[in-house]
Amino acid sequence: MTTIDVPASRNYQVIVGKGLLSQTGSRILPFCKGNTAAIVSDETVWGLYGGTLEASLKAAGLTVIHYTFPAGEASKNGENYLKILNFLAENKLTRSDALVALGGGVTGDLTGFVAATYLRGIAYVQIPTSLLSMVDSSVGGKTAIDLSAGKNLAGAFYQPSLVLCDMDALSTLPQEIFRDGCGEIIKYGVLYDKVLFDKLLAEGFSFDREAVIARCVELKRNVVAEDEFDTGARQKLNLGHTIGHGIEAQSHFTISHGEAVATGMAIVARAGEKAGITSGDTVDAIHEILEKFGFPLTTGYSAQQLFTSALSDKKRSGGTVNLVVPREIGDCILLPTPVGQLQSFIEAGLA
Ligand code: NAD
Ligand code: ZN
């Protein structure tokens, strides 16, 4: 078991290990001074793990209520957000009670935004059950719902009180969703940690899950501690995402997020090499690791198509897009790129 302290506007711990789900009751008590815990989960995850979680909370003396919604990104919407708020109000949850998000990033983002706004803020605990949510979305306090104009357009920075990453939950995660999370793990290696990168390159899918997840959480913790509100260093986590979002959007989301980000990293690295920023060895290493995990090295979409989607990216500020470009493995820079040069930059990376 590994415990990682996150220093932010609220300090909290992320615990990575086995058997944590059934310990939730005793671990949540310091954050739930009232007597009710409200679990929010998607129907798939609730069916797999709801019973264990509920039993653990009840054994700690808590009253438990739960709200479930259909699994999938389409549920991360204003309708569910309001339904959950009303559900909490009808059940007279107070500010001394707590929410528990049991599920992947959709559940965590939605529950976090409810927690940020119900009674102007109530404690919440993240129990991420997908690889992506363990290494990324459950840590750092970005909460959100999607609007019809785009993903994550309404939300708040609101840190959880505790994050429990139970390795046992990964046993039921479908392989393609596990692989999706690997795209983000590779990203951490390229951004900050050559040792992690080399380990993933050597071990492929059989990497030591607990050690790798704990390392990724540590890396994310460092970024959040430095730039909780995403005005500088945190933007580097966007590596592969500007072009990746373009690929996802152009495919009408039939290409998964992790795969799109992985391909986005390869494109930005090749473009970076042509611009004299990225070393040739780095491009080769990124190609090699993407092949190891079965991610495509490029896309059939044109630079113009990707450019159009990239322009609607949230990370744009004024006439400039902050691209993240690797120099070496473990060393990336923010490259403010004028919108007028973005399409030709992407074009250079496609070849
Ligand atoms: P998700 O929550 O939809 O989970 C993916 C699928 O896996 C769902 O069908 C879910 O039911 C299933 N699942 C989850 N855990 C399972 C388990 N243990 N066993 C079996 N099935 C399981 O999506 P995700 O990929 O976890 O997260 C994507 C979301 O995270 C997006 O909405 C994205 O915007 C958000 N996100 C947020 C941040 C942040 O910082 N807040 C960062 C990255 C991504
Ligand atoms: Zn991502």
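Which helix supplies the largest share of the shell around ligand 1? In this predicted model, where local features need pLDDT of at least 70, side-chain atom pairs count only at pLDDT 80 or more, and totals for chains, interfaces and linings use all residues, side-chain values use heavy atoms, with hydrogens and water left out. Residues are numbered from 1 along each chain as its sequence is written, while chains are lettered from A and ligands numbered from 1 in the order in which they are written.

The largest share of that shell, four residues, comes from H2, helices (H or I, at least four residues) and strands (E, at least two) being DSSP runs numbered from the N terminus. Helix H2 (43–59), H4, helix H5 (131–137) and strand S8 (150–157) each contribute at least two residues to the shell. Of the 26 residues around ligand 1, those that come nearest are Asp42, Glu73, Thr129, Ser130 and Thr172, a residue being near if one of its heavy atoms lies within 4 Å. The shell divides into ten nonpolar, eight polar and eight charged residues; here Ala, Val, Leu, Ile, Met, Phe, Trp, Tyr, Cys and Pro count as nonpolar, Asp, Glu, Lys and Arg as charged, and the others, Gly among them, as polar.

The side chain of aspartate 42 places an N or O atom 2.8 Å from an oxygen atom of ligand 1, and a polar side-chain atom of serine 130 lies 2.5 Å from an oxygen atom of the ligand. At alanine 169, a backbone N or O atom lies 2.9 Å from a nitrogen atom of ligand 1. Taken alone, ligand 1 exposes 870 Å², of which the protein buries 86% (accessible areas come from the Shrake-Rupley method with a 1.4 Å probe).

Seven strands form an open sheet of mixed pairing in the order S1-S2-S9-S6-S5-S3-S4, two strands being paired if DSSP finds at least two bridges between them. Strand S1 (2–6) and strand S4 (63–69) stand at the edges with a single partner strand each, so one side of each is left without a neighbour in the sheet. S1 and strand S2 (residues 12–17) run antiparallel and are joined by five bridges, with valine 14 in S2 as the bridge partner of isoleucine 4.

Elsewhere, eight bridges join strand S11 (residues 320–328) to strand S12 (residues 331–338), which run antiparallel. Glutamate 328 stands opposite aspartate 331 in S12, and the two strands form a hairpin with two residues between them, where glycine 330 in the turn has a positive phi of about 95 degrees.

Note on methods:
Polar contact = N/O pair within 3.5 Å; in protein donor to acceptor, adjacent residues only side chain to side chain.
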